[in-house]
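Here's a quick tour of a protein model. Take a look at the chain below before reading on.

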Amino acid sequence: MNKLTKGLALGTMALVSCATLAACGGPRTLWQADFSNGNSEVFGMYGEIVNNNDDTITLKPDTSYGAQSTAGSTYFGEADKNYDWKEGGMSVNFKVYVDEDVIQEGKHVVWTLALNEKYAADEDAGTEEKVEYLTELPVFFVGTADGVKFVYDFTAVDQDDYTALVSGEEAALLSTGYYTVGYDFNTEENGTVKVTVTLKDNAGKEVYKSADNTFDVIDSTQYSGEVKEEMIEGLRYLWCVRTTTDVKVASVQITE
């Protein structure tokens with residue numbers, strides 16, 4: 001999909017979303033997953049996707065993916081693997097079911113949200129504009145002796161000891177139920193992008209909130225250091241990148 005087509009489509013969606021909000025006072029929904037009738041097209045690439053017949057789906061692990069099992073990923077409906085960045089920032093939210101009897105001690109579920117870098121076309125060389133991976137931001141649900149704990153940490157998705165990540169006081173201890181993970185991106189005056197990660201229970205109560213964090217480039221041929229808005233082309237994927245259990249997903253949404 002080219003930039004103009006994507007822009008027109010997003011503009012239409014924004015108008016529709018605005019019409020559903022009183023005086024457009026709340027966040028505008030730019031995109032949301034449709035899990036009606038067990039739509040499995042949103043997530044793909046890895047593992048099996050099961051229709052739960054209640055507008056949710058279950059991602060089942062792909063155990064053939066190296067030493068660690070992985071599960072479904074989404075490109076937010078974009079064939080070019082890029083959902084255009086919104087100037088100033090945007091938010092990504094997804095709701096999952098946490099079961100204490102499933103994510104037991106020694107089990108883990110790791111999600112990661114990736115960004116694409118801005119890549120300028122080389123007209124002289126005839127190179128088309130393209131997008132490439134820039135960085136990613138993982139969150140961890142980890143089974144411990146005390147129960148399921150959650151934390152955001154800008155670190156590798158593969159860990160020798162996942163329980164070490166949730167051993168600090170900042171980690172949230174969870175009970176069984178639905179939880180919504182939120183990534184809220186905001187751009188500072190100097191162009192640096194910060195992210196605040198939250199976790200809310202099914203009643204909307206905030207049970208976890210990260211610091212207003214800067215984050216770094218992980219893999220780029222053009223950029224290094226702290227991520228700035230001028231480096232970002234858009235969202236790449238939301239991926240259940242490591243999991244030892246099935247994962248039930250109820251919603252995925254992008255807002256501004």
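## Ground rules

This is a predicted model, so local features need pLDDT of at least 70 and side-chain atom pairs count only at pLDDT 80 or more, while totals for chains, interfaces and linings use all residues. Residues are numbered from 1 along each chain as its sequence is written, and side-chain values use heavy atoms, with hydrogens and water left out.

## The chain as a whole

The chain has two helices and 16 strands; these are DSSP runs numbered from the N terminus, with helices being H or I of at least four residues and strands E of at least two. Of its 256 residues, 46% are buried (under 20% relative accessible area, with exposed over 50% and partly exposed in between, using a 1.4 Å probe and protein chains only).

Take the contacts in the chain (heavy atoms within 4.5 Å) with a separation of 6 or more: 65% of them link residues 24 or more positions apart. The accessible surface is about 12,500 Å², and 44% of that belongs to carbon and sulfur atoms (Shrake-Rupley method, 1.4 Å probe; for residues, only the protein chains shown count as cover).

## Strand 12 and its partners

Strand 12 (193–201) is mostly covered, with seven of its nine residues buried. Strand 11 runs antiparallel to strand 12, and nine bridges join them (strands pair if DSSP finds at least two bridges between them). Asn186 has Lys194 of strand 12 as its bridge partner. Five residues separate the two strands in a hairpin, where Gly191 in the turn has a positive phi of about 95°.

Val207 sits in strand 13 (residues 206–209) and is partly exposed, at 33% relative accessible area. Not counting residues up to four places away in sequence, Val207 touches Ala172, Leu174, Tyr179, Leu199, Lys200 and Asp201. Ala172 is 35 residues away along the chain, yet its C-alpha is 6.6 Å from that of Val207.

Is Thr245 buried or exposed? At 6% relative accessibility, Thr245 counts as buried, though it lies in the loop between strand 15 (232–243) and strand 16 (247–255). Beyond its neighbours within four places in sequence, Thr245 contacts Leu59, Pro61, Val102, Ile103, Lys107 and Val109.

The largest pocket holds about 230 Å³ of space. A pocket here is an open set of points on a 1 Å grid over the protein atoms alone, where a 1.4 Å probe fits, with protein on both sides within 12 Å along at least five of seven lines; lining residues have an atom within 4 Å of a point. Volume is the space filled by probe spheres set on the points, which are joined across faces, edges and corners. Its lining has 13 residues, with Asn93, Gly182, Thr198, Lys200 and Glu206 nearest the centre. Strand 11 gives the largest share, five residues. By class, the lining has two nonpolar, seven polar and four charged residues (Ala, Val, Leu, Ile, Met, Phe, Trp, Tyr, Cys and Pro are nonpolar; Asp, Glu, Lys and Arg charged; the others, Gly among them, polar).

The second largest pocket has a volume of about 170 Å³ and 14 lining residues, with Tyr97, Asp99, Asp246, Val247 and Lys248 nearest its centre. Its lining divides into nine nonpolar, two polar and three charged residues.
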